[in-house]
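Work through these exercises with the structure open beside you. Try each task before reading its solution.

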Amino acid sequence: MAKAYDVPADVLISRLAATLKAENIGKPEWASYVKTGSHAVRPPQDREWWYTRCASVFRKIYLHGPIGVNDLRIDYGGNKAVGYAFSHHRDAGGAIIRNAIQELEKLGYVEKVQGKGRVVTHAGMKKLDRLASEILDELAVQNPLLKIYS
């Protein structure tokens, strides 16, 4: 059985975002207007960015868990220009990440470990691994050399 790190991240995240949208993961009212952090100039242009971010957070917790909100803020942050000087790192907005994690917890895919951060539950691992196996099977049809990994 394939794991989430065996398939390309962009394919897994886009498929997982579609799955989470079909499962009616909650989207805050302010998601259409908010920037993703102080480093961003504008809000995301993609209307479905919330589901993509939730899927990406889900994958990061799977790969690096237990992981906390502050670590995720650093990962999703970016550089902001400061006049003529070198640019400086700014963390991403914490409310976006916290709300995404809370919605994943409501679906039962993520749980909190006291003092350490969030980890993926058994149901979450099962969902990601099955989705990764489906993606790897589809990729193996295009490239027969990938069949040894499934």
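**Exercise 1. Contacts along the chain**

Task: Find what share of contacts between residues at least 6 apart in sequence join residues at least 24 apart.

Solution: Start with the term: a contact means heavy atoms within 4.5 Å. Take the contacts in the protein chain between residues at least 6 apart in sequence; 61% of them join residues at least 24 apart.

Two notes on the source apply throughout. The model is predicted, so local features need pLDDT of at least 70 and side-chain atom pairs count only at pLDDT 80 or more, while totals for chains, interfaces and linings use all residues. Residues are numbered from 1 along each chain as its sequence is written, and side-chain values use heavy atoms, with hydrogens and water left out.

**Exercise 2. The elements**

Solution: Helices (H or I, at least four residues) and strands (E, at least two) are DSSP runs, numbered from the N terminus. The protein chain has five helices and four strands.

**Exercise 3. α2 against α4**

Task: Describe how α2 and α4 pack.

Solution: Two packed helices are described by the angle between their axes and the distance between the axes. Axes are lines fitted to C-alpha atoms, for helices over the stretch in contact; angles run from 0 to 180 degrees between N-to-C directions.

- Helix α2 spans residues 49-64 and helix α4 residues 94-107.
- Their angle is about 75 degrees, and their axes lie 9 Å apart.
- α2 and α4 are therefore roughly perpendicular (65 to 115 degrees).
- From α2, residues including Trp49, Trp50 and Phe58 take part; from α4, Ile96 and Leu104 are among them.

**Exercise 4. α1 against α2**

Solution: On the α1 side, Leu12, Leu16 and Leu20 are among the contact residues; on the α2 side, they include Tyr51, Ala55 and Arg59.

**Exercise 5. Aspartate 129**

Task: Is aspartate 129 buried or exposed?

Solution: First place the residue: aspartate 129 sits in helix α5 (residues 122-142). Its relative accessibility is 6%, so aspartate 129 counts as buried. Buried means under 20% relative accessible area and exposed over 50%, with partly exposed in between (1.4 Å probe, protein chains only). Now set aside neighbours within four places in sequence: aspartate 129 contacts Met1, Ala2, Lys3, Ala4 and Tyr62. Across the protein chain, buried residues make up 38% of the 150 residues.

Definitions and conventions. Parallel < 35°, antiparallel > 145°, perpendicular 65-115°, else oblique.
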